[in-house]
Amino acid sequence: MTIYNFSAGPATMPAEVIQEIKNDLPSYKNSGMSVMEISHRSALFEEIFQKAQQDMRDLLKIPDNYQVLFFQGGCTLQFTAAPLNLANKYHRIALLDSGHWAERAGAEAKRVGVKVDVLDSSEKDHYTKLPSLEKLQKDTYDYLHITTNNTIEGTAYTQLPNTDTTELVGDMSSNFMGQRYDVKQFGAIMAGAQKNLGIAGLTIVIVRDDLIGKVPNLPSMLDYQLFAKKESMFNTPPVFAIYAAGLVLQWLKNQGGIDEMEHRNRQKSGLLYDFLDNSKLFEAPVIKKDRSLTNVVFVTGNPEIDQQVVSQAAESGLVNIKGHRLVGGMRASLYNAMPYEGVEHLVDFLKNFEKNYRGKH
Ligand SMILES: *Cc1c(COP(=O)(O)O)cnc(C)c1O
């Protein structure tokens, strides 16, 4: 039975990449060593590293005045690092509360003494839509933090909020490389790799040159300027995770790049949302214009039926569709590596489930 893994993260990876890792594993480029065993200072790794960075720059069209930095500690550590590095003038940031990860980012900023103003929240709508930004006061905030894709609640910004008067910082963990954003509109972007770019252990930070190097004596492992200067090798980087991300980036290039991925992600999520919108049993609670392409949340309204859906789906090879405990119901994560056939199988399963359910009730 083919298994389709709809996990929100760590998540499914391209089958070709898994195969490549398997082939490379015992002896990378006939070196007699696996990638797990080579020095981060070796020529073998240097090549992996440079290629991964360049491919990321090409795919995202990252301008030359932006740094691409590789960190450990997950996106969660960037909730600390970003305010430490970037909230250095007003020591105050603005936040749009779009759900769990936005809230977490605000909480961590506060822990390092930065004031956080929540300008709008969609909590009262159970995060089934995005908060909106009416206006942003000038000379008040170091930046506005947004979560471009809300992994748990299933919303995503297609149109970015207007931030003429401050910098925009985006947590892009769950739609990084899954849909096109203009990097120039951001002061900084952060993303953990384990959703759409490979395996856990690597976090990407893309940050504009002129924003860094303003705070002396930051903890070294959180210092954007130091990581830029040391080309992300102040200490041992996550070698294997960077290697895996490199393979995913090459795969993305072979598939046609970000625009092609966005096109496919629209087709995949569209297939599922269309079914849900026409179903009498299932429902997608997020309003249409704010729906995520990568994390589709849906419910029946009855937790017992939801539970049956989740367990019967797993028996059919459609695994990890249980919703996040904060939201309940189901969630299908349709990252780049999820093939269209996987979503077709899921929709067929849901159709059958609904038919059987109607037969009995
Ligand atoms: C998963 C996720 C995080 C947290 O990532 P970690 O790597 O576990 O720290 C933060 N933000 C978003 C949007 C996420 O999806």
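User: Which residues come nearest to the ligand?

Analyst: This is a predicted model, in which local features need pLDDT of at least 70 and side-chain atom pairs count only at pLDDT 80 or more, while totals for chains, interfaces and linings use all residues. Residues are numbered from 1 along each chain as its sequence is written, and side-chain values use heavy atoms, with hydrogens and water left out. A residue counts as near a molecule if one of its heavy atoms lies within 4 Å of it. There are 13 residues around the ligand, and those that come nearest are T76, T151, D171, Q194 and K195.

User: Which residue has a polar side-chain atom 2.6 Å from a nitrogen atom of the ligand?

Analyst: On the oxygen side of the ligand, a polar side-chain atom of Q194 lies 2.8 Å from an oxygen atom, and an N or O atom in the side chain of K195 is 2.6 Å from an oxygen atom. For a nitrogen atom of the ligand, the residue with a polar side-chain atom at 2.6 Å is D171.

User: How many Å separate the centres of domain 1 and domain 2?

Analyst: Domain bounds come from an automatic or database domain assignment. For the protein chain, the assignment gives domain 1 as 16–255 and domain 2 as 258–360. Taken over C-alpha atoms, the distance between the two centres is 27 Å.

User: What area do domain 1 and domain 2 bury between them?

Analyst: Contact means heavy atoms within 4.5 Å, and 26 residues of domain 1 are in contact with 27 residues of domain 2. Buried area is the accessible area (1.4 Å probe) that two parts lose on being put together, summed over both. Of the area buried here, 53% is on carbon and sulfur atoms, and the total is about 2200 Å².

User: Which residues of domain 1 lose the most area to domain 2?

Analyst: Three residues together account for 23% of what the side of domain 1 buries. They are T128, I152 and R180.

User: Which side chains meet in a salt bridge at 3.1 Å, N to O?

Analyst: A salt bridge is a side-chain nitrogen of Lys or Arg within 4 Å of a carboxyl oxygen of Asp or Glu. By this rule, one salt bridge is found across the interface of domain 1 and domain 2. The side chains that meet at 3.1 Å, N to O, are those of R180 and D259.

User: Which element gives the largest share of the side of domain 1 that touches domain 2?

Analyst: Helices (H or I, at least four residues) and strands (E, at least two) are DSSP runs, numbered from the N terminus. The elements that give two or more residues to this side of domain 1 are α2 (43–60), β7 (155–156) and α6 (239–255). The largest share, three residues, comes from α6.

User: With which residue does D58 form a salt bridge?

Analyst: The structure holds 16 salt bridges. In the one formed by D58, the closest N and O atoms are 2.8 Å apart. The partner of D58 is K253.

Methods:
A polar contact is a pair of N or O atoms within 3.5 Å; within protein, one must be able to donate a hydrogen and the other to accept it, and residues adjacent in sequence count only if both atoms are side-chain atoms.
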